[in-house]
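Subject: Structure handover

Hello,

Here is the structure I promised you. Please open it first, then read my notes below.

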Amino acid sequence: QVQLVEWGGGLVQPGGSLTLSCAATGVIFSIGPMAWYRQAPGKQRELVAQILFSGTTHYADSAKGRFTISRDNAKDTVALQMDSLKPEDTAVYYCNTMIITNPTMMGRDYWGQGTQVTVSS
């Protein structure tokens, strides 16, 4: 059973930092692009950052210059370093990736359970 396990959320003051981590567990043949999304109360889920297997990254405008996404292909993990956090960054953060468990089958989209990030004084 493949799953994505997240950790690292919490309460932080404005201007502070947090690092979110996500690990893919189970029988995995390959992993595609890995990404972090977030969903604030009353809002749609939005892409925060994405990283390809090659290390190429893409950031939402709101994350540029403050957030850094990274991945460890050997460990099947992805992390999101968040600096200079603002109250508007408050949301549930989800990791997401496409995983192929068997080379004869198509990949499937997986989501983590979500981790709460609250930025407040």
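A salt bridge here is a side-chain nitrogen of Lys or Arg within 4 Å of a carboxyl oxygen of Asp or Glu. Keep in mind that this is a predicted model, where local features need pLDDT of at least 70, side-chain atom pairs count only at pLDDT 80 or more, and totals for chains, interfaces and linings use all residues. Residues are numbered from 1 along each chain as its sequence is written, and side-chain values use heavy atoms, with hydrogens and water left out.

Salt bridges

The structure holds four salt bridges. Start at R38. It bonds this way with E46, and the closest N and O atoms are 2.7 Å apart. A word on exposure: buried means under 20% relative accessible area, exposed means over 50%, and partly exposed lies in between (1.4 Å probe, protein chains only). R38 is buried, at 7% relative accessible area. E46 is partly exposed, at 36%.

R38 also forms a salt bridge with D89. Here the closest N and O atoms are 2.9 Å apart. D89 sits in the loop between β8 and β9 (91–100), while R38 belongs to strand β4 (residues 30–39), so the pair ties together parts that are 51 residues apart in sequence. D89 counts as buried, with 1% relative accessibility. Which residues make up the network of salt bridges? R38, E46, R66 and D89 are linked in it.

Now look at K64. Its salt bridge partner is D61, with the closest N and O atoms 3.1 Å apart. D61 is exposed, at 65% relative accessible area.

Strands

Two terms come first. Helices (H or I, at least four residues) and strands (E, at least two) are DSSP runs, numbered from the N terminus. Two strands pair if DSSP finds at least two bridges between them.

Find β8, residues 77–82. Strand β3 (residues 18–25) pairs with β8 in the antiparallel sense, over six bridges. Within that strand, M82 is the bridge partner of L18. Strand β7 (residues 67–72) also pairs with β8, again antiparallel and over six bridges. There, R71 stands opposite V78.

What do β7 and β8 form together? They form a hairpin, with four residues between them. D76 lies in the turn and has a positive phi of about 55°.

Best wishes
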